Amino acid sequence: MKRYSAFALAREALSNHMGWERAWAAPQPKAAYDVIIIGAGGHGLATAYYLGKNFGITNVAILEKGWLGGGNTGRNTTIIRSNYLQDSSAAIYEKARSLYETLSQDLNYNAMFSPRGVMMLAQTHHEVRGYQRTAHANALQGVVTEFISPQRVKDLCPILNIDGPRYPVLGALWQARGGTGRHDAVAWGYARACSAMGMDILQNCEVKGITSANGMVTGVDTTKGYIGTKKIGIVVAGHSGQVADMAGFRLPVEAVALQALVSEPIKPCMDVVVMANTVHGYMSQSDKGEMVIGGGTDGFNNFTQRGSFHHIEETLRALIETFPIISRLKMLRQWGGIVDMTGDRSPIISKTPVGNCFINCGWGTGGFKAIPGSGWAMAELMAKGEPGPLAAEFDMWRFKEGRFIDESVAAGVAH
Amino acid sequence: MLTLECPYCGIMADETELSPGYEAHLKRYGPGSSDEEFEAYMFARKNPKGVHFERWRHAYGCGKWFSPARDTATLEVFGTYPAQSAGPPQALQDKIKAKRPDWRGYT
């Protein structure tokens, strides 16, 4: 892999930029690999990358039924934060956030992490108490957040209407080192680094079945033929239930649609991320000037990557009260992603009932922010066969044993 | 927008008139049951990509719970039936089987 740098830019300019190599190779599958990762989204690629970087395991194939980063990695609102209440969540999301800070240097690929600050508005007295509690918990966890006053909210984001008649802003939980990233670049950067380590990224290669012998996985049947392996990592978000079914176990997961939308581009007017969980909408401004908006999930099982119009209508109706200036904006694009929701709204990074078959799923509506930490924890689990401290509490048996990581209550709604 | 026929009042109800209730025909377990049974009842879900039997409530209409049969991959609705059913009616299962020959059937 030729490194990207200012010098490389000058060197390539001499040949009219015709000499740039492909960012990642397009190989044919080998007969077998040490490790197969199913799913070349952010989490799958990050898992493969840290398997190579932290554990020296590079005989790895990453299988993708479509194109890499074409699922939820390319469909989210790119918010990065780690202000969670429970210790195990705060640990893995803070690991991810701290890895994002140096990700561009680490991957030699500009992931455009922008630590512009994330603000979660408290618009009821219940939320004020909830976020104060989270700020105290974060202080104990070593996550830097603070509860700020309505005036400070207004100073940080002047376009906010803090006197809203229905839901006035009573304060906010502020994480100055949260922000946004460039979603595609995260997938592309990891893919380029994986390819440079000699891993095979097999796109348009859909897994059709998982084979096992004596309770241990032996390989996968794919649209490009049978591929043998010693270990499988299932990292497929919305389709986790389908792939788990091929391996022969059930998951506590429901797949629903989550929508997002962007407005026409306007001049810079907002340099923080604002989340309003009571009214259920969140918004930030992209580098292109579009207002990037998300809301809540649809309420029923759905694999179509389309959502119901009344949900985005609800989101916008709520946000217009909080941000009156967006009331005349035209919305340009709207899309849906299929998110995998678990019973406690926290992810699963776990061994499975099948030997040497591991699963990373259930990130629900908040997976993008976790990509580096999720990959780090999943790689440790797959390399050692046992979870490290980051993944230890996210096993799939917690639902049977009642050890919930209950962020759905702790974090309000947006997650 | 999803439109479902309420089997009680006979109205074609828009999604905005309804509340979703997820998987139908879950077997309920009470005190004295094992951890596995509680997990199966409370958390383990079929979550199929394809034919699914659900519970919905006609919340802003007659208020009754009922069950639609729906394809989660296409959003096609095969039919609806009253919630007071132990499983999907045979006639509805036959209709789905005719439309989706590769469907594994209701289990």
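Predicted model: local features only at pLDDT ≥ 70, side-chain atom pairs only at ≥ 80, totals over all residues.
## Fold of chain A

Along the principal axes, the C-alpha atoms of chain A fill a box of roughly 65 × 65 × 40 Å. Buried residues make up 54% of the 415 in chain A. Of the contacts in chain A with a separation of 6 or more, 75% are between residues 24 or more positions apart.

## Packing of H3 and H10

Helix H3 (residues 87–101) and helix H10 (residues 371–384) of chain A pack with their axes 6 Å apart, at an angle of about 115°. The two helices are therefore roughly perpendicular to each other, and H3(A) passes H10(A) in a right-handed crossing.

On H3(A), the contact is made by A:Ile92, A:Tyr93, A:Lys95, A:Ala96, A:Leu99 and A:Tyr100; on H10(A), by A:Ile371, A:Pro372, A:Gly373, A:Ser374, A:Trp376 and A:Ala377. By class, the residues in this contact are nine nonpolar, two polar and one charged.

## Side facing chain B

Chain A has 20 residues in contact with 20 residues of chain B. At least two residues of this side of chain A come from each of helix H8 (240–247), strand E12 (253–263), strand E15 (291–301), helix H9 (309–322) and helix H11 (398–401). The chain A residues on this side comprise seven nonpolar, nine polar and four charged.

Notes: Residues numbered from 1 in each chain as written. Chains lettered and ligands numbered in written order. Buried ≥ 20, exposed ≤ 12 C-beta atoms within 10 Å, placed from the backbone. Contact = placed C-beta atoms within 7 Å. Helix = DSSP H or I, 4+ residues; strand = E, 2+ residues; numbered from the N terminus. Nonpolar A, V, L, I, M, F, W, Y, C, P; charged D, E, K, R; others polar. Axes fitted to C-alpha atoms, helices over the stretch in contact; angles between N-to-C directions. Parallel < 35°, antiparallel > 145°, perpendicular 65-115°, else oblique. Left-handed = near helix turned anticlockwise from the far one by under 90°.
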